Amino acid sequence: MVRKILFIGVGPGDPDLLTIKAMKEIKSSEVIFWADSLIPEKIINFANKNSEKIRTSSLNLNEIMQKMIEKYKEGKKVIRLHDGDPCLFGAITEQIEILRQENIRVEVIPGISAFQVTASYHQAELTIPDITQTIILSRAGGRTGMPERESLKNLAQHKSSLCLYLSARHIKEAEKTLLEFYSPNTKVIVGYRVSWEDGWTSLINLKDMQKFSKEKKLIRTTIYIVSPALGNFIKPSNLYDPNYNHLFRMS
Ligand SMILES: C[S@@+](CC[C@H](N)C(=O)[O-])C[C@H]1O[C@@H](n2cnc3c(N)ncnc32)[C@H](O)[C@@H]1O
């Protein structure tokens, strides 16, 4: 069997939202690197009590990678846990690149992202025909370089469903920009630590986004889903229309 280090998405917080694959790997691993500021302890508790658990929130990239490579070279089964899905703001590329230089193979296991669980709590479909068929996953500014073509102003012009990660600190400017394109009463789901024991979601109007965030003192682990599809049903999709044939339902 080819040895690998697994990068595993463990979902937004609720351990019941782990995939079976993630659960199996957590149970059988010998060394677990976990982003402890974003992953609840309950998930780590599924691991074998003899496995080594290494918190990464206080380590820098070099420290994490040196330890990971060391444990791998000792012949241990090493896994790296990321919150949500690793492909979204997971900073996995820089880690994988270092492992590649060491000729260490990697596999990535997907997880449920914050926007999915947050939409599900409101039974929301973010792609309603004739309203929007597009979901943008992005952030509003911040310390990490945002290409100008992806500025919030440019993204908002599409008036699609817009999920903003890592944006609570920038919500004042974000609201101002979004109001140039979306109507003030466009619904926004605000989710804080969604699916954690102390987490919650709330449905508000775009014009109240900044005020609400300030009142709730939102700084981190918050997601905003701004969408004209929320609370706005016009007509059923073609999928279940009796006059619409497709591969599995020919008339
Ligand atoms: C570094 S990013 C990682 C995103 C993650 N990979 C995902 O797919 O959800 C962290 C940001 O994701 C969002 N986030 C992650 N988990 C969340 C949760 N349980 N509730 C609300 N927002 C969450 C917040 O915007 C947070 O600041």
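# How residues are classed

A residue is called buried when its relative accessible area is under 20%, exposed when it is over 50%, and partly exposed in between, the area being found with a 1.4 Å probe on protein chains only. The structure shown above is a predicted model, in which local features need pLDDT of at least 70 and side-chain atom pairs count only at pLDDT 80 or more, while totals for chains, interfaces and linings use all residues. Residues are numbered from 1 along each chain as its sequence is written, and side-chain values use heavy atoms, with hydrogens and water left out.

Helix H3 covers residues 61-73; helices (H or I, at least four residues) and strands (E, at least two) are DSSP runs, numbered from the N terminus.

The buried residues of H3 are Ile64, Met65, Met68, Ile69, Lys71 and Tyr72. They cover an arc of only 165° around the axis, which puts them on the same side of H3, where the arc is that of the directions from the helix axis to the C-beta atoms. An α-helix has 3.6 residues a turn, so residues three or four places apart point the same way. The buried residues of H3 pack against strand S1 (4-9), strand S2 (31-34), strand S3 (52-55), strand S4 and helix H4 (93-101), whereas Asn62 and Lys73, on the other side of H3, are exposed.

At the N-terminal end, asparagine 60 caps H3, with a side-chain oxygen 3.1 Å from the backbone nitrogen of asparagine 62. After H3 comes glycine 75, whose phi is positive, near 90°.

Arginine 80 belongs to strand S4 (residues 78-82). Although arginine 80 is buried, it has no salt bridge, and aspartate 36, the nearest side chain of opposite charge, is 7.4 Å away. A salt bridge is a side-chain nitrogen of Lys or Arg within 4 Å of a carboxyl oxygen of Asp or Glu; for charge, Lys and Arg count as positive and Asp and Glu as negative, with His and the chain ends not counted. The side chain of arginine 80 does make a polar contact with the side chain of glutamine 95, at 2.8 Å. Here a polar contact is a pair of N or O atoms within 3.5 Å; within protein, one must be able to donate a hydrogen and the other to accept it, and residues adjacent in sequence count only if both atoms are side-chain atoms. Beyond its neighbours within four places in sequence, arginine 80 is in contact (heavy atoms within 4.5 Å) with several residues, including Phe7, Trp34, Ile64 and Met68.

Aspartate 85, in the loop between S4 and H4, is also buried and has no salt bridge, with lysine 21, the nearest side chain of opposite charge, 12 Å away. Its side chain reaches the backbone nitrogen of glycine 111 at 3.0 Å. Leaving aside its neighbours within four places in sequence, aspartate 85 is in contact with Pro110, Gly111, Ile112 and Ser113.

# Salt bridges between separate parts

By the salt-bridge rule the count comes to 13. Aspartate 36 and arginine 55 meet in one, at 3.7 Å from N to O. Aspartate 36 lies in the loop between S2 and helix H2 (41-44) and arginine 55 in strand S3, so the pair ties together parts that are 19 residues apart in sequence. Aspartate 36 is buried, at 17% relative accessible area, while arginine 55 is partly exposed at 42%.

Glutamate 102 forms a salt bridge with lysine 73, the closest N and O atoms being 2.8 Å apart. Glutamate 102 lies in the loop between H4 and strand S5 (105-109) and lysine 73 in helix H3, so this pair ties together parts that are 29 residues apart in sequence. Glutamate 102 is partly exposed at 35%, and lysine 73 is exposed at 58%. Elsewhere, Lys4, Lys21 and Glu107 are linked in a network of salt bridges.

Most residues other than glycine have a negative phi, and most peptide bonds are trans. Aspartate 130 has a positive phi, near 70°; it lies in the loop between helix H5 (114-121) and strand S6 (135-139), and is exposed, with a relative accessible area of 60%. Threonine 221, although not a glycine, has a positive phi of about 50°. Threonine 221 is placed in the loop between helix H8 (209-215) and strand S10 (222-227), and at 28% relative accessibility it counts as partly exposed.

Key. The expected span of a helix is 1.5 Å times one less than its number of residues.
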